[in-house]
Amino acid sequence: MTQMQSFKDKVAQMLVLNQGQRISHFEYDGKRYWLKQVEQLEGAMRFLKANSAKALTKETQVLKQLDTEGAPVPKVVANGEGYLVVEDAGRTVREWLDRDDIESSKLQGILNDSSQALAHLHQMQLAHGRPALRDISWRSGEVKFIDFEANQQKGTVVDLQIRDLLVYVHSLYRYLGEDSERISKAITAYRQAGGELIWQKSKQFLTSWQWLYYCARPFKNIGGKDLKPVYWVLWHFRNN
């Protein structure tokens with residue numbers, strides 16, 4: 001039996017063992033893989049299943065195309081009706097932040113690598129759609145973007161890249177709080193890696209929204225995880 005056939009058999013086994021699970025993972029030949037399946041919906045929600053299947057098909061197509069273009073995305077190693085298998089890309093940046101055994105300098109390096117990777121993605125005239133820290137993986141200096149939005153909002157590439165940067169900065173403040181020095185270094189890494197134009201355009205875009213700065217100010221310390229960062233995003237572009 002060939003190695004490829006053995007892997008196909010492993011995938012077939014995992015599909016049976018993880019039937020109904022949206023996301024699962026397995027090991028094969030010393031490597032980890034992620035299996036993503038169409039959601040198994042019940043009752044009235046079953047009418048939405050076709051859309052879920054189409055979304056997964058679209059995601060598979062997008063990942064394959066991005067890989068062909070040399071974008072930093074996990075490689076699709078298998079796919080079929082209702083499922084997708086990709087290589088593991090390491091811990092997400094969000095997961096790295098949760099570790100207590102990581103040195104501050106290494107964590108800053110991970111953040112900087114992620115920022116530089118986003119800048120390089122933008123230089124390729126691509127956009128992610130939602131580059132939050134939970135959607136960015138890092139392993140041994142290599143960054144991969146996961147969960148690309150297959151159906152992104154309408155607009156020019158620049159519009160989508162501005163949205164990318166604002167989502168990314170929001171995510172930095174969401175998970176790092178008011179750690180302005182560490183966040184500032186990460187954003188500087190983005191700007192110096194070729195993201196200066198998009199940073200400036202993002203600053204310009206937020207000019208008409210700066211009135212929210214004063215509305216959000218009372219919630220900068222007591223707002224929810226999504227509300228508090230709004231103030232700090234406006235603060236960053238206001239003071240840099």
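**Rings, charges and sheets in a predicted model**

Modeller: Of the protein's 240 residues, 42% count as buried; the term means under 20% relative accessible area, with exposed over 50% and partly exposed in between (1.4 Å probe, protein chains only). This is a predicted model, in which local features need pLDDT of at least 70 and side-chain atom pairs count only at pLDDT 80 or more, while totals for chains, interfaces and linings use all residues. Residues are numbered from 1 along each chain as its sequence is written, and side-chain values use heavy atoms, with hydrogens and water left out.

Colleague: Why is Phe7 called buried, and on what value does Tyr33 count as buried?

Modeller: The relative accessible area of Phe7 is 7%, which puts Phe7 below the limit for a buried residue. Tyr33 has 9% relative accessibility, and therefore counts as buried.

Colleague: Why is the pair of Phe7 and Tyr33 called edge-to-face?

Modeller: Rings of Phe, Tyr and Trp (its six-membered ring) pair if their centres lie within 6.5 Å; planes under 30 degrees apart count as stacked, over 60 as edge-to-face and the rest as tilted. The centres of Phe7 and Tyr33 are 5.1 Å apart and the planes stand at 65°, so the pair is edge-to-face. This pair links distant parts of the chain, as Phe7 is in helix 1 (residues 3-17) and Tyr33 is in strand 2 (residues 31-37), 26 residues apart. Helices (H or I, at least four residues) and strands (E, at least two) are DSSP runs, numbered from the N terminus. The whole structure holds 9 aromatic pairs, and ring pairs join Phe7, Phe26, Tyr28 and Tyr33 into a cluster.

Colleague: What places the charged end of Arg191 over the ring of Trp199?

Modeller: The test requires NZ of Lys or CZ of Arg within 6 Å of the ring centre and within 35 degrees of the ring normal. The charged end of Arg191 meets it at 3.6 Å from the centre of the Trp199 ring. Arg91 likewise sits over the ring of Trp96, with its charged end 5.2 Å from the centre.

Colleague: How do you know that strand 1 and strand 2 are paired, and how many bridges join them?

Modeller: Two strands pair if DSSP finds at least two bridges between them. Strand 1 and strand 2 run antiparallel and are joined by 6 bridges, so they qualify. Among the contributing residues, His25 has Trp34 in strand 2 as its bridge partner. The open sheet has 4 strands in the order 1-2-4-3, with antiparallel pairing.

Colleague: Why do strand 1 and strand 3 stand at the edges?

Modeller: Strand 1 (23-28) and strand 3 (76-80) each have a single partner strand, so one side of each lacks a neighbour in the sheet. The twist from one strand to the next averages 20°, where axes are lines fitted to C-alpha atoms (for helices over the stretch in contact) and angles run from 0 to 180 degrees between N-to-C directions.

Colleague: What is the strand order in the open sheet of 3 strands?

Modeller: The order is 5-6-7, with antiparallel pairing. Strand 5 (91-92) and strand 7 (142-145) are the edge strands, each pairing on one side only. Helix 4 (residues 104-123) packs on this sheet, touching strand 6 and strand 7, and its direction makes about 55° with that of strand 7; contact means heavy atoms within 4.5 Å.
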